[in-house]
Amino acid sequence: MNILTVEGVAKSYGTRVLFDDVTFSIDGGQKLGLIGLNGAGKTTLLKIIAGLAEADTGEIWRNPKARIHYLPQEPQFQPGRSVLESVLDGDLPVMDVLRRYEAAVEEDDDEAVLKLTGEMDEKQAWELEQHAKVVLQKLGISDLSQSVDTLSGGQRKRLGLARALILPCDLLIMDEPTNHLDDRTICWLEDYLHDSKSALLLSTHDRYFLDRVAGSMLELDRGKVYTYSGNYAAYLEQRQARLEREEAEAAKRRNLIRRETAWIRRGAQARSTKQKARRDRYEALCAMENGKPIDNVEIFDTSVRLGKTIIDMDDVAFSYPGKAPLFSHVTYHVVKHDRIGIIGENGVGKSTLLRVIAGQLPPVSGTITIGQTVRFGFFTQQLPEFDESQRVIDYVQEHGHYVVNQFGEHISASRLLEQFLFTEDMQYTYIYKLSGGERRRLYLLRLLMDQPNVLLLDEPTNDLDIPTLTVLEQYLDTYQGVVLVVSHDRYFLDRVADKLFVLKDGTWSRYYGDYSEYLEEMLRQKEPKKDALSRDSGDSRGKEAPPEPAPVRKGLTSRQEQELEQITQDLPRYEGLLKGLNAAIAAAGSDYETVESLLKEQEETKAKVDELTERWCELEELKES
């Protein structure tokens with residue numbers, strides 16, 4: 001069944017064209033991911049498709065038999081209503097009877113419950129009621145009598161998501177559904193949407209989520225929509241092929257521009273029709289060239305040097321007055337080039353740990369020592385107050401027109417803006433015209449102008465588009481400082497972090513490896529328990545328990561086991577240091593003294609990595625024997 005068809009849709013704001021001639025269709029059960037730069041018009045396009053905004057031109061046909069529901073980034077609820085009333089909101093008869101039935105149960109009105117039971121049977125609402133309770137439980141919504149007026153932004157997002165999933169529909173349109181969700185909830189939502197029979201159109205920056213859920217991709221790029229079959233990984237391959245074709249065409253176009261430029265410079269008069277047409281063609285070619293995609297952006301590191309002491313945490317704990325500890329016994333000595341991801345469910349204290357490290361909150365016990373050379377850059381979830389009458393370039397230049405990094409490079413504010421995808425035209429745009437994602441990108445750039453050498457990033461991926469995330473990841477590859485990041489974006493964590501701080505039930509632990517490796521390790525630890533449960537679940541009545549197998553002598557002595565554990569911790573640190581040194585050598589350019597010093601440190605570090613790797617292999621062979 002064709003649910004919706006978009007033909008030739010265009011939208012502009014003043015002289016700014018968001019998109020033009022957008023054409024595609026959505027069939028029953030089809031799942032599409034929508035991606036593009038912040039400010040490209042993704043949210044506007046979703047609202048137009050949902051019927052909440054008008055297009056300038058074009059047509060949208062919606063199947064009159066299809067039910068379409070839209071989940072915005074910030075769901076709105078009627079003030080004064082309870083969570084139950086809000087989550088069961090909807091004009092379908094089955095939702096009405098379910099809403100009245102749940103209200104009667106909540107009020108212990110036995111007579112009303114008995115009367116509504118027949119209507120529940122007639123409307124087949126029992127299955128929907130059970131489904132609603134499962135969804136609410138999975139999304140962490142338990143107090144159904146709580147007023148929506150008292151909910152936090154994250155709670156409101158989860159309530160809106162619950163309402164969207166509960167409401168029966170043929171097409172669900174979702175704008176950044178994973179914002180404010182923890183990893184476990186995102187994984188559940190992935191499985192739910194993957195198995196759902198409803199069609200889906202979603203905009204998200206979570207690349208793993210797109211890979212798992214989407215079967216087709218729509219890309220908003222320079223005002224046009226490009227369609228791709230397959231998930232996010234397939235999209236990357238197809239997009240690269242498209243860009244290569246465009247680059248070949250662009251090379252021919254540049255050659256033609258050079259010839260036309262030479263003709264223009266010769267002062268040819270444009271009075272005749274033929275000459276006028278040639279001048280028009282020249283201008284059209286230049287416009288096409290100026291609209292080329294932003295790729296292969298030059299990356300500049302703005303950090304300043306770090307000393308030997310960076311951050312030393314010894315037995316640190318924190319709790320709010322009258323509350324159980326959020327975390328305790330945190331002991332870690334941060335070293336150069338550390339890339340640490342902080343993970344855990346919502347509410348376990350991830351953002352609080354960053355605030356304690358930054359000195360905004362004092363620990364209740366333990367000590368934190370900060371090195372004299374440390375310069376923090378704290379990217380928080382809450383955006384600062386902007387002077388919306390300022391231009392983008394003026395906002396960034398408040399801290400200086402350029403920065404000088406540790407390699408002596410002078411990097412102008414304009415070049416940094418280009419690095420973070422603010423074109424020359426956008427640099428002179430007023431801040432009030434920027435989208436939410438563009439403002440977060442600008443806030444991040446302003447932070448980097450302060451030249452921090454320790455970055456504390458609290459959910460940096462929220463509201464950032466995938467191209468910006470790619471630039472940020474490339475920046476962090478060359479960054480010579482330390483990074484501690486809280487994020488629910490699994491792809492970003494895999495790309496950036498090589499060790500993890502895990503917060504759970506008031507405890508703290510370390511894991512050396514990326515997020516995917518951590519998940520695999522957690523699954524491996526659960527497997528023996530599952531096997532044991534399956535063996536115990538059989539009928540063992542009257543049977544003697546099988547004798548326990550004799551203990552097998554381990555291949556390693558206790559001292560060797562300690563050595564192997566220490567190497568497992570040290571090896572990723574030295575590999576990360578080697579990676580940082582490689583980037584530093586590349587960035588040092590012609591600074592001979594700096595290069596010579598870095599090469600010496602690189603050689604020593606590589607020898608240490610080789611030594612540890614060889615010993616690790618020996619111990620692993622002994623262990624397996």
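## Ser216 in strand β8

At 17% relative accessibility, Ser216 counts as buried, because buried means under 20% relative accessible area, with exposed set at over 50% and partly exposed in between, for a 1.4 Å probe and protein chains only. Ser216 lies in strand β8, residues 216–221, where strands (E, at least two residues) and helices (H or I, at least four) are DSSP runs numbered from the N terminus. Leaving aside residues up to four places away in sequence, Ser216 touches Gln30, Lys31, Leu32, Gly33, Tyr228 and Gly230, contact meaning heavy atoms within 4.5 Å.

## Basis of the model

This is a predicted model, in which local features need pLDDT of at least 70 and side-chain atom pairs count only at pLDDT 80 or more, while totals for chains, interfaces and linings use all residues. Residues are numbered from 1 along each chain as its sequence is written, and side-chain values use heavy atoms, with hydrogens and water left out.

## Helices α3 and α5

The axes of helix α3 (residues 93–106) and helix α5 (residues 126–138) come within 10 Å and cross at roughly 65°; axes are lines fitted to C-alpha atoms, for helices over the stretch in contact, and angles run from 0 to 180 degrees between N-to-C directions. The two helices α3 and α5 are therefore roughly perpendicular to each other, a label for angles of 65 to 115 degrees, with under 35 counted as roughly parallel, over 145 as roughly antiparallel and the rest as oblique.

On the α3 side the contact is made by Val94, Met95, Leu98, Tyr101 and Glu102, and on the α5 side by Trp126, Leu128, Glu129 and Lys133. By class, this contact of α3 with α5 has six nonpolar, no polar and three charged residues, where Ala, Val, Leu, Ile, Met, Phe, Trp, Tyr, Cys and Pro count as nonpolar, Asp, Glu, Lys and Arg as charged, and the others, Gly among them, as polar.

## Helices α5 and α6

Helix α5 also packs with helix α6 (residues 153–166), at an angle of about 150° and with the axes 10 Å apart, and α5 and α6 are therefore roughly antiparallel to each other. Leu128, His131, Ala132, Val135 and Leu136 in α5 meet Ala162, Leu165 and Ile166 in α6, a contact with seven nonpolar, one polar and no charged residues.

## Helix α15

Helix α15 (residues 436–449) has 14 residues, and 13 of the 14 are buried, so α15 is largely enclosed by the rest of the structure. Just after α15, Gln451 takes a positive phi of about 55°.

Technical notes: Expected span 1.5 Å × (residues − 1).
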